[in-house]
Amino acid sequence: MTKKVGLNRRAFIKNAGFTAVAGATGTLATAASTANAQSGNPSDNYPRLANGMYDFDKVYNRAGQNCARWDSPPRSYPNGEFKFGMGVASMDFECAPCITEALMERVQHHSWGYMASTEELRDEVVKWNGDYHNNDIDSSMVTLSDGVYPGMIAAMRAFAPRGSKVLIMSPAYSGFYSMASAANIDTVDSELKLVNGRYEVDFDDLEAKMTSDVRALIVCNPQNPTGNVWREDELLRAGRLALEHGIVVLSDEIHSDVIRDGQKFTPFSALPDRDVVNNSLTFNAISKTFNLAGMKNAYYYSKSPTMLERVNKYHRAELSTLGVVANVAAYKYGRDWFDQANAYMDRTHTMIEEYVKKNMPSVGYVRNEGTYMTFLDLSKTMAAIGADEMYKSHNKRSPEHYMQDWMVYNSGVYLNPGSNYGQGGAGRMRMNIASSQAVVQDVLEAMAAAVNKV
Ligand SMILES: Cc1ncc(COP(=O)(O)O)c(C=O)c1O
């Protein structure tokens, strides 16, 4: 199915500049001049494959572009051991053409002063939530932000005074721990349990952890890194427990568009219990959907005006003109691109599942329901290489950090250590799957060769 690409970082970097220049002066410029001719959607005139699809198989080299996923790891491996950046949550796809077209149009104007309004962006946020998730919010409920981080930190400051705690169902996104630290509060983990091949909430443990010093519960839906898409009954149960214990729910839904075939995403704010909903705030962005993290746009909202107002007092965002232009274009015209990207990543997940089960028998695999992450159980390899002991003598933070190095030295593949994600991350490594399937195939083969030899 897939062709071996034999990714070479040096060639990659060399070609990166070439691709960028060729793109700017060639194909994209041509597309820009004819854009908007028919439907108003600048993507319509952009070259696609003969069948009308975007080409996600194309290996798109992002190295050498100040790209966190590809340009940060080599700093830790200066002798060229690093080959594949499968860590940071961004995509290796060329972004939706409508975004580049909109940016190119805007940069024709030599004017970069303060913006008059961000109303259009707020309206598109409302529309996307309605169209894509059947979630009825209005713009008075929405506060724009320059990331999920600033909004979530403001909410923690608003609801969790110094000395209090935020409760996290873990393993969960490492950023939640940094956010709590920025808000000067502690965290407490309630570990998800692996039951019949799915991560499940341990509701007894969750309730036991809802002590009087806990003021906020973070719900991560879909859950990064485990890939859970939480069902309505699970969200309701967690939400009711939080309400009973006087704990506010902070629902991070940044991965809410990346849902696998057959799964259904339920926005927390659409739960059929008004009291539960009014006890929550939701944090979202389309930065994961369209690979726009560097454009610094996000938003939060609440159906409770009092809750929203309380958080707004602690929050201030500074959006940039280009970020707004890019996000508006993505919301307005990007849906077809994203639907295709999502279907492609769904097939990539299946490809990984089949490969790991067949060719990496010592590696544990849990089926993803959403996100473009997969959380692999490498505990057997870690035991075989003595990671539990070796990490100390190698001055590493955890056995999983030792495993991270081992994997780079033995396969070139850079993964994120499970221990970054709180309790339940031991023995696990997170892999970002949002790349061309040819790259993923090379990554799998390199990892299999490494783990199968120990
Ligand atoms: C669950 C989750 N929340 C928040 C973020 C970061 O969001 P932002 O870049 O908008 O601050 C990420 C990034 O990977 C994430 O996975």
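Which residue in strand 10 is the bridge partner of Thr282? Keep the question in mind while you set up the view; the model you have open is a predicted one.

**Stop 1: strand 9**

Select residues 280-284, which make up strand 9. Five of the five residues are buried, so the strand is largely enclosed by the rest of the structure. Show the side chains next. Ser280, Thr282 and Asn284 point one way, while Leu281 and Phe283 point the other way.

In general, strands of a sheet pair through backbone hydrogen bonds, either parallel or antiparallel. Select residues 248-252, strand 8: this strand pairs with strand 9 in the parallel sense, over four bridges. Opposite Thr282 you will find Ser251. Then select residues 298-301, strand 10, which runs antiparallel to strand 9 and is joined to strand 9 by three bridges. Here the opening question is settled: the partner of Thr282 in strand 10 is Tyr301.

**Stop 2**

Select Asn291, in the loop between helix 11 (287-290) and strand 10. Its phi is positive, about 60 degrees, although Asn291 is not a glycine.

Compare Asn184, which sits in the loop between helix 7 and strand 4 (186-191). Asn184 has a positive phi as well, near 65 degrees. With 14 other C-beta atoms within 10 Å, however, Asn184 is partly exposed.

**Stop 2: two cis peptide bonds**

Select Ser170 and Pro171. The peptide bond that joins them is cis, with omega about 5 degrees. Pro171 belongs to the loop between strand 3 (165-170) and helix 7 (175-182).

Go on to Asn224 and Pro225, where the peptide bond is also cis and omega is near 15 degrees. Pro225 is in the loop between strand 7 (214-220) and helix 9 (232-244).

**Stop 3: the nonpolar core**

Select Met156, Ala216 and Ile218. These residues have the most contacts inside the largest nonpolar core, which has 123 residues. Domain 1 (9-95 + 335-451) and domain 2 (119-333) both give residues to this core, so it lies between them. Colour the two domains separately to see this.

Stay with Met156 and display what it touches. Leaving out residues up to four places away in sequence, the contacts of Met156 are Val166, Met179, Ala180, Ala183, Ile185 and Ala216.

**Stop 4: the ligand**

Centre the view on the ligand. Around it are 14 residues, of which Ala89, Gly147, Val148, Tyr149 and Tyr173 come nearest. What is the make-up of this shell by class? Nine of its residues are nonpolar, four are polar and one is charged.

**Stop 5: helix 8**

Select residues 203-208, helix 8, and pick out Phe203. Phe203 has 13 C-beta neighbours inside 10 Å and therefore counts as partly exposed.

**Stop 7**

Select Asn416 and look across to strand 14, where its bridge partner is Arg430.

Key:
Residues numbered from 1 in each chain as written. Predicted model: local features only at pLDDT ≥ 70, side-chain atom pairs only at ≥ 80, totals over all residues. Buried ≥ 20, exposed ≤ 12 C-beta atoms within 10 Å, placed from the backbone. Helix = DSSP H or I, 4+ residues; strand = E, 2+ residues; numbered from the N terminus. Pairing = 2+ DSSP bridges. Near = placed C-beta within 6 Å. Nonpolar A, V, L, I, M, F, W, Y, C, P; charged D, E, K, R; others polar. Core = buried A, V, L, I, M, F, W, Y, C linked by C-beta atoms within 7 Å. Domains from an automatic or database assignment. Contact = placed C-beta atoms within 7 Å.
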